[in-house]
Amino acid sequence: MEAADYEVLSVREQLFHERVRECIISTLLFATLYILCHIFLTRFKKPAEFTTVDDEDATVNKIALELCTFTLAVALGAVLLLPFSIISNEVLLSLPRNYYIQWLNGSLIHGLWNLVFLFSNLSLIFLMPFAYFFTESEGFAGSRKGVLGRVYETVVMLMLLTLLVLGMVWVASAIVDNNKASRESLYDFWEYYLPYLYSCISFLGVLLLLVCTPLGLARMFSVTGKLLVKPRLLEDLEEQLYCSAFEEAALTRRICNPTSCWLPLDMELLHRQVLALQTQRVLLEKRRKASAWQRNLGYPLAMLCLLVLTGLSVLIVAIHILELLIDEAAMPRGMQGASLGQVSFSKLGSFGAVIQVVLIFYLMVSSVVGFYSSSLFRSLRPRWQDTAMTQIIGNCVCLLVLSSALPVFSRTLGLTRFDLLGDFGRFNWLGNFYIVFLYNAAFAGLTTLCLVKTFTAAVRAELIRAFGLDRLPLPVSGFPRASRKTQHQ
């Protein structure tokens, strides 16, 4: 063999080893996410559904739980995708020739983006519908009972659903883009149909983030206030403990003497209320024992951090709106090759990259808080050791829709300059200036409106309590109108 043949073989062998190394790294990363998600879901599942007398139902629920674990791992991977790419770029910029980070390259990052896109399609279009139909199926009439009969019914239902969705997407494409080439492209299932369908799902996810994130940003202050210990000036723990003990004693007396009340009592509901009050009293005792540093320094610092992060997010979006009017390069676009380690995607260097990562995580947490705080999705909120299997499936689907839209959401708002990789940058609506501009303006306006309404309502309520107007029988906004019986008393 000639020297050129040896060189070609050496290049091929090197490429083979790089591909194997990338597969091993991707597998290890996904296995870690899968284990974490499995531990998380087992804390919320209802144990009665997995220890039933009917082994068939328990087996079906276990299979559905594994599919939900896979979907939740993909959702967590989608959340970490953009921050991991930004941090990797800064690491390669800081240590370009370090031997121990040679495994971190553009090919690995690009492969992770493609895997997340593929698994998101697989989970949303096949796995989650299969898990739902599988838990609800009972097998065809006249067929042999068992798990296999349920599988047959689920596969048939999934095929019918796939045909229905395929027809709807094909008709929608023909209506939106009345072009013969675009309609014929949908016949190619893997190359055009799935990315087009995922583009529609991602657009719905981005719209959902537009609604949930401003609501979550406003709710983060109240949620943080419930988790942390407030200064004594803002809350009276002694009064709360006294009220909790009084309510618990009243409920206990009602349980012990059910004949003292002429109305029929729901004993199970009363027992649950007593347990909730006992749990609340334990938490109040822990908060009362908090140190002065935790009480007087932790709460103000947390509120200050939330205020800075929220204000910084709105400021970045406002600057991005101006850039959209001036510079065409501010529009989100896709990038086929991941050229990492060449230039920083932030004007502030590594410090700016860290701020971008923190803001992305903060907005994702805020969107989840806003999602579960909305009246439309409040019923989906998981409960500790008391979440039904169908409710777990619904939560996994919603979280995957939110998290898979996070990279597009962050790039559209200008939180980062890191361009979208792989099929994430192929969405047609990303190139529409009016959609991107209106989306940024709507986010800035909704966030400002929610924050102003939240802060003004809180200040108004505190002023009303400070002047004692809440105890007057007046129709004050934010407080219930006193009944006539109370007024006469």
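The protein chain of this predicted model has 14 helices and two strands in its secondary structure. Helices (H or I, at least four residues) and strands (E, at least two) are DSSP runs, numbered from the N terminus. Residues are numbered from 1 along each chain as its sequence is written, and side-chain values use heavy atoms, without hydrogens and water. Local features need pLDDT of at least 70 and side-chain atom pairs pLDDT 80 or more, while totals for chains, interfaces and linings use all residues.

Of the 489 residues in the protein chain, 41% are buried. Buried means under 20% relative accessible area, exposed means over 50%, and partly exposed lies in between (1.4 Å probe, protein chains only). Contact means heavy atoms within 4.5 Å. Among contacts in the protein chain with a separation of 6 or more, 78% are between residues 24 or more positions apart.

Ser 410 is an example of a buried residue, with a relative accessible area of 0%. Ser 410 belongs to helix H12, which covers residues 406-412. Apart from neighbours within four places in sequence, Ser 410 touches Leu 82, Ile 360, Leu 415 and Thr 416.

Arg 378 sits in the loop between helix H10 (350-373) and helix H11 (389-404). Arg 378 is partly exposed, at a relative accessible area of 45%.
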